[in-house]
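Visitor: I should like to learn how to read a protein model, one feature at a time. May we begin with the structure itself?

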Amino acid sequence: MPKTSKKMVATALVLSLSRRGATAFVSSPSVRFGYRALGSNSKMSMSTGPMPESEDNMPFYALGVNLAKQLGGQVKQLLDEDEMEIVLKGFEAEFRGTGPDGQAVLMTYGQQLNGILQERSTGTVDRTKKAGVDYIAEFLECNDEAIVTESGLVYCPMKEGSGAQPTVSDTVEVHYHGTLISGEVFDSSVDRGQTISFPLGNVIKGWQEGLAMMKEGGKATLVIPSDLAYGEGGSGDTIQPGATLKFEVELIKVS
């Protein structure tokens with residue numbers, strides 16, 4: 001998994017600065033774990049009630065959602081409500097062309113913004129990592145069968161398998177349930193009710209190492225520190241920079 005520095009936390013918010021000669025955060029690398037059972041043309045079931053726009057207008061609403069997800073995520077965790085309102089005001093003014101000269105604003109305040117976000121993100125990452133360390137210590141204390149590998153991965157067998165043991169060059173079929181250390185579910189093939197297959201070499205290092213310790217038919221809990229997961233870049237709205245992740249994984253097939 002590629003690494004990102006703390007300066008990469010604010011992805012697209014100030015990306016335009018780099019195009020204008022000012023120092024800026026740059027976009028973080030693509031997320032490598034996160035395969036989904038649904039194809040790109042499939043519509044997920046909507047459990048939140050009626051959509052806010054007509055069917056014809058929803059694609060444009062979806063564009064707004066996409067922009068918010070690119071700009072939000074980790075950045076919004078660094079802002080309070082009043083600051084978020086100012087961000088939205090600036091976005092709307094620039095988008096509509098009703099505000100002051102955008103380039104002048106960026107050149108005048110971009111460096112200051114970088115400093116603010118870097119300072120806040122550093123503190124957030126450090127606290128998140130510390131929480132992960134504490135969680136792992138507690139997990140090991142409560143699970144005598146759990147081991148810690150040299151890399152820092154926590155491997156706790158739940159059911160021993162008897163089939164093939166994968167390498168990173170293999171494709172694996174798994175059922176998994178991924179949570180934050182708070183217990184919040186961020187991804188789960190179990191909840192979707194469908195197993196998933198992928199090349200083991202294409203996922204985060206914690207998965208590569210953990211599944212290589214398993215055999216077909218086996219099940220284990222993996223507690224993955226951030227250095228073996230998404231690092232200081234985090235992933236999307238849910239996985240914060242520096243987050244430790246917990247997975248229950250069942251290895252169904254190796255091919």
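Visitor: Is Phe247 buried or exposed?

Guide: This is a predicted model, so every value here is computed from it. A residue counts as buried when its relative accessible area is under 20%. Phe247 has a relative accessible area of 0%, so Phe247 is buried. Phe186, at 17% relative accessibility, also counts as buried.

Visitor: Which residues form an aromatic cluster?

Guide: Tyr176, Phe186, Phe198, Trp207 and Phe247 form one aromatic cluster. The count of aromatic pairs comes to 7.

Visitor: Which residues touch the most other members of the largest nonpolar core?

Guide: The general idea is that nonpolar side chains tend to be buried together in soluble globular proteins. Here the largest nonpolar core has 28 residues, and those touching the most other members are Val174, Trp207, Leu211, Ile224, Leu245, Phe247 and Val249. At least two residues of this core come from each of strand S3 (171-180), strand S5 (196-199), helix H6 (205-211), strand S6 (219-224) and strand S7 (245-254). The most is given by S7, with 5 residues. There is also a second, separate core of 7 residues, which includes Tyr135, Val154, Cys156 and Val223.

Visitor: What does Val249 touch?

Guide: Leaving aside residues up to four places away in sequence, Val249 touches a list of residues that includes Val174, Tyr176, Trp207, Leu211, Met214 and Leu222.

Visitor: How many bridges join strand S1 to strand S2?

Guide: Strands are read in pairs, by their bridges and their direction. Strand S1 (residues 147-148) and strand S2 (residues 154-159) run antiparallel and are joined by 2 bridges. Together S1 and S2 form a hairpin with 5 residues between them, and Gly152 in the turn has a positive phi of about 110°. Val148 stands opposite Val154 in S2. On another pairing, S2 runs antiparallel to S6 with 5 bridges, and Val154 stands opposite Val223 in S6.

Visitor: What span should helix H3 have?

Guide: A helix is checked by comparing its expected span with the distance between its end C-alpha atoms. At 1.5 Å a residue, the 16 residues of helix H3 (residues 81-96) should span 22 Å, and the end C-alpha atoms are 23 Å apart, which agrees. Just after H3, Gly97 takes a positive phi of about 75°.

Visitor: Which side chain does Asp187 join in a polar contact?

Guide: Asp187 is found in strand S4 and, at 5% relative accessibility, counts as buried. Its side chain is joined to that of Arg192 by a polar contact of 2.8 Å.

Visitor: How many helices and strands are in the chain?

Guide: The chain contains 6 helices and 7 strands. Along the sequence they follow the pattern α-α-α-α-β-β-β-β-α-β-α-β-β. Of the 255 residues in the chain, 35% are buried.

Key: Residues are numbered from 1 along each chain as its sequence is written. This is a predicted model: local features need pLDDT of at least 70, side-chain atom pairs count only at pLDDT 80 or more; totals for chains, interfaces and linings use all residues. Side-chain values use heavy atoms; hydrogens and water are left out. A nonpolar core is a set of buried Ala, Val, Leu, Ile, Met, Phe, Trp, Tyr and Cys residues joined through side-chain atoms within 4.5 Å. Buried means under 20% relative accessible area, exposed over 50%, partly exposed in between (1.4 Å probe, protein chains only). Helices (H or I, at least four residues) and strands (E, at least two) are DSSP runs, numbered from the N terminus. Contact means heavy atoms within 4.5 Å. Rings of Phe, Tyr and Trp (its six-membered ring) pair if their centres lie within 6.5 Å; planes under 30 degrees apart count as stacked, over 60 as edge-to-face and the rest as tilted. Two strands pair if DSSP finds at least two bridges between them. The expected span of a helix is 1.5 Å times one less than its number of residues. A polar contact is a pair of N or O atoms within 3.5 Å; within protein, one must be able to donate a hydrogen and the other to accept it, and residues adjacent in sequence count only if both atoms are side-chain atoms.
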